[in-house]
Amino acid sequence: MSSSWAAEAAAVFVKDWRCELRTRHAVATLALFALTTLLVASLVLGPIGNDAEMSRRVVPVLVWLIVLFAAAAGLPRAFVHEEESRTAIALRLAARPSAVFAGKLVHIATLVAAIEAIVAPLAVALFDLRVAAAAELVAALAAGGLAIAAATTLLAAIVAQGRGASTLFAVLALPVLLPALALAVAATRVALTGVAEGNLLTLLLLYDGSVVVAGFLLFPAIWNP
Amino acid sequence: MKRLLALSLWLWMAVVIWAAFHWAPLAAGFKGESSRILFFHVPVAWVSFVAFMTAGVESVLYLAGRRDPRHDRSAAAAVELGQVFAVLATVTGAIWARIMWGSYWNWDPRQSAIVVTMLYYAAYLALRQAIADGPSRARLSAAYAVLGLVVSPFLYFVLPRLGFSLHPEPVINAAGKLEVESRMLAVLTASSLGFTVLFYWLHALRRRLGAVAARRDEGVE
């Protein structure tokens, strides 16, 4: 192979974003899903930021559920589309498995970050939240988003090769992501209230690291038939 | 020989059941006779752990080795049995929780952890249902099982820290101390051993059944 690993990974990443910008499939479905659910929640709950106890309990869970289900709705396509359009074979020939994983992972991570960039400011505005530690909120969103992206990349590659990919994806993803979501919800609560609850971010980053490393180890076995 | 082993396991478990109800003393701080369920609850919970670990190890062996379908069948059989034992652990735990805490279900961190574990392996079995039999299914489900091994420490050690637990300290606790009366410990150990042997016996039967089914399918093709 003449091209370097980094070049292959970058090419996969650029290709995925180019396809995305042509069809706008993920951006449209993910962003619209997130927006719709957030508006419904806001309509029902009102400006709950005025009630500190209520918003502390409800908002972090709500935000992460919206991000998770938006991800589950649009992200499996990253691999399902490759299998359906039969481009997976070409991709297998063109790049090393670990480079494919890296490229897809960064692509999905940027998509998740884009959803969060829409959901988080809107949630702050619609619920009238007061954020005690903005930097920690960004850190919690980034670390939690990476957890969702890493698990999604691996699981999407698995379900793309089975039947009923989208329903199967939700079934497989929830138990894997549950510890990460519980940590992300707690870290978001800390960022909103400013009351420390232990080293949640460290644990969340540990989860991210473990799943990314496991992803690089397992992906070649998943990807190559 | 096999019949002798089966008979001695039957005898062993019969003695364990008798000892659990008549020989072992009651634990202090437990309502009425409720501590006796411990002699069954702890071993079945332990066996479900052993079963899921067996499935994880067999999956690693499958992926790292020469992709021997025997490892795949063994992993699937271990998950199926692990689910049965996990249900038994949940039900015995819930009965005890009703007596001690007043309700069957309290979302205690340990209850949450076992529910998520059962969901995880139910997803594993759903994944196997969704893919046609063959190397593809073995490869993908093994990868999912190994991912489970990676995530499980967060489930068992991190999740419980996010909530307050009423669950008694596990027998093998963080301090490494055994705070169980010696006769209770004897029954508990004997029961755990009996259930573990029972699991490996059932597991061997399931594996043989799987091998026979595989050979039959090969013959059909």
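Colleague: Where is A:Asp208 found in chain A?
Modeller: A:Asp208 sits in helix H9 of chain A, residues 200–223. Helices here are DSSP runs of H or I with at least four residues, strands are E runs of at least two, and both are numbered from the N terminus. The model is predicted, so local features need pLDDT of at least 70 and side-chain atom pairs pLDDT 80 or more, whereas totals for chains, interfaces and linings use all residues. Residues count from 1 along each chain as written, chains are lettered from A and ligands numbered from 1 in written order, and side-chain values use heavy atoms without hydrogens or water.

Colleague: Is A:Asp208 buried or exposed?
Modeller: A:Asp208 is buried, since its relative accessible area is 2%; buried means under 20%, exposed over 50% and partly exposed in between, with a 1.4 Å probe and protein chains only.

Colleague: Which residues does A:Asp208 touch?
Modeller: Once residues up to four places away in sequence are set aside, A:Asp208 touches A:Ala143, A:Leu146 and A:Ala147. Contact means heavy atoms within 4.5 Å.

Colleague: And where is A:Ile66?
Modeller: A:Ile66 belongs to helix H3 of chain A, residues 52–74. A:Ile66 is buried, at a relative accessible area of 6%.

Colleague: What is A:Ile66 in contact with?
Modeller: Leaving aside neighbours within four places in sequence, the contacts of A:Ile66 are A:Phe33, A:Ala34, A:Thr37, A:Leu38 and A:Val119. By contrast, 25 Å separates the C-alpha atoms of A:Ile66 and A:Asn199, which lie 133 residues apart along the chain.

Colleague: Turning to backbone angles, which residue of chain A has a positive phi although it is not a glycine?
Modeller: A:Asp128 does, with phi at about 60°. A:Asp128 lies in the loop between helix H6 (97–126) and helix H7 (134–159) of chain A, and is partly exposed at 33% relative accessibility.

Colleague: What is the phi of B:Arg67?
Modeller: The phi of B:Arg67 is near 55°, again positive in a residue other than glycine. B:Arg67 is placed in the loop between helix H2 (38–64) and helix H3 (69–100) of chain B. With a relative accessible area of 34%, B:Arg67 is partly exposed.

Colleague: How many helices has chain B?
Modeller: Chain B has six helices and zero strands. Of its 221 residues, 42% count as buried, and its C-alpha atoms fill a box of roughly 60 × 50 × 30 Å along the principal axes. Among contacts in chain B between residues at least 6 apart in sequence, 75% join residues at least 24 apart.

Colleague: How many residues of chain B are in contact with chain A?
Modeller: The contact involves 27 residues of chain B and 30 residues of chain A. The two chains bury about 2400 Å² between them, 81% of it on carbon and sulfur atoms; this is the accessible area (1.4 Å probe) lost on being put together, summed over both. In chain B, the residues losing the most area to chain A are B:Arg139, B:Leu147 and B:Phe154, together 24% of what that side buries.

Colleague: At what angle do H8 of chain A and H4 of chain B cross?
Modeller: The axes of H8(A), residues 165–193, and H4(B), residues 109–130, cross at roughly 150° and come within 9 Å. Axes are lines fitted to C-alpha atoms over the stretch in contact, with angles from 0 to 180 degrees between N-to-C directions. The two helices are therefore roughly antiparallel, a label for angles over 145 degrees, against under 35 for roughly parallel, 65 to 115 for roughly perpendicular and oblique for the rest. Residues making the contact include A:Leu168 and A:Pro175 of H8(A) and B:Tyr120 and B:Leu127 of H4(B).
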